[in-house]
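Open the model in your viewer and keep the selection tool at hand. Each stop below says what to pick and what is there.

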Amino acid sequence: MTHFGNYEEVARNFSWAISEQELDYQPGQVINIGWYCSDRICQQGKADKVALIWEGFTGEKKIFTYNDIRVYSNTFARFITDLGIKAGERICLFMDRVPELYIGFLGILKTGCIVQPLFSAFGEESLFVRLENAETSAIFTQRKHVSKVRKIRDKLPHLKHIIIVDYDGKSPLQERELAFSMEKSEKVEHYEIYPTYAESPSVLHYTSGTTGMPKGVKHVHYSLISQYITAKWVLDLHDDDIYWCTADPGWVTGTSYGIIGPFSLGVTQCVLDSGFSAEAWYRFIEKNRVTVWYSAPTAIRSLMKAGDEIIKKFDLSSLRHLASVGEPLNPEAVNWSIRVFGKPFHDTYWQTETGCIVITNFPGMPVKPGSMGRPFPGITAVILDPNKHEPYPEPGRIGLIGLKPGWPSMMRTYWNNEEAYRNKFRNGWYLTGDRARMDQDGYIWFVGRDDDVINTGGHLVSPFEVESALLEHQAVAESAVVSKPDPINMEVVKAFVTLKPGFSASKDLELDIMNFIRKKLSPLAMPQEIEFVDSLPKTRSGKIMRRILHAREWGEEVGDTSTLENE
Ligand code: WT7
């Protein structure tokens, strides 16, 4: 049984108070995410239930119960408090996906400090601009990453403490450095949690825009109200589930649904701290009997590329519900998952700024492959006329996705950048920066980023539409479609394509692909050129950075590339 019944009925009767009641939260009371994700679950009699099954890249395994994460997050919190760090200060987590990252996250929240998770793969410059902008007081990191912090600490007067979580005593600690071992420190059974309230800041996530500096998205403890109920209803999490979210907590998916959602529900989740390999992923699902799997289109396409044969080697029958986020989920990927897993990936749409899933395919609701689904109850999502910023009166037209502000996990501001924040609103609507259309049934179809839509001779072309067509060709592994300058049409469509093993680039293949997609696309949407490449530029979270390809075509500045995977 899914938690979700008939869409119209649920939407009609929905109020965020449903979530508040399930969490026993009364408006005006103290609300602390760290407490909700550990102490409260123990109080519900689940102290000995497994919270986290962790596997490292060497195959090392660790298991933590809810009582373990309660006590260890207390241990983190006490250590921070003893350093004299005060509520409201920013503390960065700069680690691989080790247990300390997940548990430290809760510990920081228990102190009332703001947690700033950053990808451990960031280079020193990317790290520097984010620590400088947030005036971060302390950073938790690992031995293998501390050299990057050492290179920039002199330029960071606010950074008082550099804490190494796996110090082995071999080389001496340097200026401002401290060692802290979560497991070897004296266990802290009782820690007095800082009384945070609904509007107390909780998490600061940095997100890259099309231009300029990355922006710090500020969230508050009240975000839990959205994250809890969306994790429960959309990811369909039940008490006996084994959940796997493949996202890194350097990205909002890895915190909202890789820490807060599952732990506030008292669910068992597993984490694999290693890079992508189809074989390793399937083995991980088989071994842990994963039931709910939340991943991303780029990973799904990589699995598709690895082929169907390999799937037969594993028992993946435990999988019950699949979901995806981050970029358009091509119909081809949905159909593939139905074929190989017997169930579709459910697309979910949201942003760092929204803090929770806002548009989605609910479990049990018929999936239209290629559509992002319908707004989460409690979220008002509309398609706005881009010129007037008013909702279109009729379905079917392409416009901007606008959201009515006010849901619990909406960002409260961009850190130190109130102006950029205010710029995101028009006529009382929050502008997501994405374009889409809504069909007669209320399903929303993604078209592209506001700045990715290609206008060729006055005709709007969705890069997603062209990419989806390309992906259906047997030789195509991945594709990215951008515009390139054209004297007559202003813009024409250009496709970048990577090939599956066994295919090589040639004029004949280009012609073959063109003929293949010609049948699927309107003539105006046809690429004028296909360029075969070895790889596509991607963010660390796996999103294809079309704007880099776009900039190249237009001879423009590439802008901020700090989240680029191959930096
Ligand atoms: C942007 C937000 C919250 C996790 C996602 C990363 C794109 C997200 C989808 C989807 C098409 C999607 C949008 C959005 N996006 N989900 N299901 N279909 N596009 O958060 O890094 O803030 O990126 O990702 O363009 O605005 P983010």
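**The whole chain**

Start with a surface view. The chain exposes about 22,100 Å², and carbon and sulfur atoms supply 49% of that area. Keep in mind that this is a predicted model.

Now switch to a cartoon. The chain has 17 helices and 27 strands. Its radius of gyration is 23 Å, close to the 24 Å that the globule rule gives for 567 residues, so the chain is as compact as a globular protein of that length. Along the principal axes, the C-alpha atoms fill a box of roughly 70 × 55 × 55 Å. Colour by burial: 61% of the 567 residues count as buried.

Which order do the strands of the open sheet follow? Trace 2-1-11-10-12-13-14-15-16 across its nine strands. The pairing is mixed. Select the edges next: strand 2 (61-65) and strand 16 (374-375) each pair on one side only.

From strand 2, move to helix 5 (residues 66-82). Helix 5 packs on the sheet and touches strand 1 (50-56) as well as strand 2. The directions of helix 5 and strand 2 make an angle of about 85 degrees.

Strand 15 (residues 359-360) and strand 16 run antiparallel, joined by two bridges. Select isoleucine 359 there: proline 375 in strand 16 stands opposite.

Select residues 297-306. This is helix 12, which lies across strand 12 (292-295), strand 13 (321-325) and strand 14 (345-349). Helix 12 runs at about 120 degrees to strand 13.

Next, pick helix 13 (residues 331-341). Show the side chains of Ala333, Val334, Trp336, Ser337 and Phe341: these are buried. They cover an arc of only 160 degrees around the axis, which puts them on the same side of helix 13. What do the buried residues of helix 13 pack against? Their neighbours are helix 11 (278-288), helix 12, and strands 12, 13 and 14. Step just past the end of helix 13 to glycine 342, where phi is positive, about 75 degrees.

Helix 11 comes next. Its buried residues are Ala278, Trp281, Tyr282, Phe284, Ile285 and Asn288. They span an arc of only 155 degrees around the axis, which places them on the same side of helix 11. Arginine 289 follows helix 11, and its phi is positive, near 55 degrees.

**Two covered strands**

Select strand 18 (residues 399-403). Is this strand mostly covered or mostly uncovered? Mostly covered: five of its five residues are buried. Strand 17 (residues 381-384) runs antiparallel to strand 18, with four bridges joining them. Leucine 384 has leucine 400 in strand 18 as its bridge partner. Strand 18 also pairs with strand 21 (residues 429-438), again in the antiparallel sense and over four bridges. Look for leucine 403 opposite tyrosine 430 in strand 21.

Then jump to strand 8 (residues 201-207). Strand 8 is mostly covered, with six of its seven residues buried. Its antiparallel pairing with strand 9 (residues 215-220) runs over five bridges. Pick proline 201 to find its bridge partner, valine 220 in strand 9.

Most residues other than glycine have a negative phi. The next two stops have a positive one.

Select glutamate 135, in the loop between helix 7 (124-134) and strand 5 (138-141). Its phi is near 50 degrees, a positive value in a residue other than glycine. Glutamate 135 is partly exposed, with a relative accessible area of 36%.

Now pick asparagine 416. This residue is in the loop between strand 19 (413-414) and helix 14 (418-422). Asparagine 416 has a positive phi of about 55 degrees although it is not a glycine. How much of asparagine 416 is exposed, as relative accessible area? The value is 62%, and asparagine 416 counts as exposed because that is over the 50% cut-off.

Finish at glutamine 26, in the loop between helix 2 (17-22) and helix 3 (33-36). With a relative accessible area of 48%, glutamine 26 is partly exposed.

Terms used
Residues are numbered from 1 along each chain as its sequence is written. This is a predicted model: local features need pLDDT of at least 70, side-chain atom pairs count only at pLDDT 80 or more; totals for chains, interfaces and linings use all residues. Side-chain values use heavy atoms; hydrogens and water are left out. Two strands pair if DSSP finds at least two bridges between them. Contact means heavy atoms within 4.5 Å. Axes are lines fitted to C-alpha atoms, for helices over the stretch in contact, and angles run from 0 to 180 degrees between N-to-C directions. Buried means under 20% relative accessible area, exposed over 50%, partly exposed in between (1.4 Å probe, protein chains only). The arc is that of the directions from the helix axis to the C-beta atoms. The radius of gyration is taken over C-alpha atoms; the globule rule is 2.2 Å times the number of residues to the power 0.38. Accessible areas come from the Shrake-Rupley method with a 1.4 Å probe; for residues, only the protein chains shown count as cover.
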